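Biologist: I would like to go through this protein chain with you. Could we begin with the overall picture and then turn to details?

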Amino acid sequence: MILVYPGSFDPITNGHLDIITRAVYICDKLIVAVGSNEAKKPAFSVEERIDLIKCTLGERDDIMVTSFSGLLADFVKKVGAKAVIKGLRAMSDFEYEFQMALLNKNLEPDMETLFMMTSVNYSYLSSSAVKEIAKNGGNIEGLVPECIREKVMKKLACR
Ligand code: COA
């Protein structure tokens with residue numbers, strides 16, 4: 001089974017990594033798909049976000065990292081996946097994710113959206129929080145994968 005894990009990943013955090021690490025066990029191939037949320041102004045380009053994810057995960061046969069534009073439902077169909085997986089942090093995520101899942105189901109009735117509860121350690125985490133801390137010179141240790149910490153700090157500290 002192919003699963004798509006979509007997100008903005010601006011940048012990837014340890015919360016995303018937690019979902020990736022667990023999701024890969026329940027599928028044959030996980031496609032980590034960097035998309036754009038029209039409501040957000042990203043700090044990292046799509047290429048930079050992909051590089052940070054690849055740098056975190058290394059080369060793996062069971063994970064593919066790519067980007068998509070347009071509708072998630074179209075992308076999922078194009079890659080031959082049946083389902084997407086998303087992390088749920090708290091009740092605040094639920095309403096938005098519920099709406100997205102229903103909209104996607106309406107667009108592509110064969111597509112399922114699966115939810116995985118984010119580990120409790122990361123339930124407070126978000127890419128925006130990481131960016132705000134880094135921009136202000138704070139410590140993002142433990143919030144993003146260690147191998148990308150310097151890159152994230154370098155990019156954001158000079159903004
Ligand atoms: N742990 C900690 N934080 C997590 C997390 C986890 N497991 N999973 C997500 N988050 C955070 C992210 O860092 C992000 O933080 P931010 O808001 O500060 O950036 C937030 O939760 C939600 O981000 P994400 O899961 O990346 O979703 P998104 O709302 O940015 O959606 C797309 C991105 C690309 C998946 C979505 O916009 C999309 O599907 N776009 C295509 C258009 C489309 O088909 N729309 C639907 C039909 S209208």
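**Overall form and local details**

Modeller: With 159 residues, a compact globule would have a radius of gyration near 15 Å, and the protein chain has 15 Å, which agrees. That radius is taken over C-alpha atoms, and the globule rule is 2.2 Å times the number of residues to the power 0.38. This is a predicted model, in which local features need pLDDT of at least 70, side-chain atom pairs count only at pLDDT 80 or more, and totals for chains, interfaces and linings use all residues. Residues are numbered from 1 along each chain as its sequence is written, and side-chain values use heavy atoms, with hydrogens and water left out.

Biologist: How many helices and strands are there in the protein chain?

Modeller: The protein chain has 6 helices and 5 strands. Helices (H or I, at least four residues) and strands (E, at least two) are DSSP runs, numbered from the N terminus. Their order from the N terminus is β-α-β-α-β-α-β-α-β-α-α.

Biologist: And what share of the residues is buried?

Modeller: Buried residues make up 43% of the 159 residues. Buried means under 20% relative accessible area, exposed means over 50%, and partly exposed is in between (1.4 Å probe, protein chains only).

Biologist: What about contacts between residues at least 6 apart in sequence?

Modeller: Of those contacts, 75% join residues at least 24 apart. Contact means heavy atoms within 4.5 Å.

Biologist: Let us take helix 5. Which of its residues are buried?

Modeller: In helix 5, residues 127-135, the buried ones are Ser127, Val130, Lys131 and Ala134. Seen down the helix axis, they fall within an arc of 95°, so they line one face of helix 5. The arc is that of the directions from the helix axis to the C-beta atoms.

Biologist: Why can residues a few places apart point the same way?

Modeller: An α-helix has 3.6 residues a turn, so residues three or four places apart point the same way.

Biologist: What does that buried face pack against?

Modeller: The buried residues of helix 5 pack against helix 1 (14-23) and helix 6 (146-157). Just after helix 5 comes Gly137, with a positive phi of about 75°.

Biologist: Changing topic: where is Phe9, and is it buried or exposed?

Modeller: Phe9 sits in the loop between strand 1 and helix 1. Phe9 is buried, with a relative accessible area of 1%. Its phi is positive, about 50°, although Phe9 is not a glycine.

Biologist: What kind of peptide bond joins Asp10 and Pro11?

Modeller: The bond between Asp10 and Pro11 is cis, with omega about 0°. Pro11 is placed in the loop between strand 1 (2-7) and helix 1.

Biologist: How far is Asp10 from Glu48?

Modeller: Asp10 and Glu48 are 38 residues apart in sequence and 9.0 Å apart in space, C-alpha to C-alpha. Glu48 lies in helix 2 (residues 46-57) and counts as partly exposed, at 29% relative accessibility. Not counting residues up to four places away in sequence, Glu48 touches Ala43 and Lys155.

Biologist: Finally, where is Leu114 found, and which residues is it in contact with?

Modeller: Leu114 is in strand 5 (residues 112-117). Leaving aside neighbours within four places in sequence, Leu114 is in contact with Leu3, Ala83, Val84, Ile85 and Lys86. At 32% relative accessibility, Leu114 counts as partly exposed.
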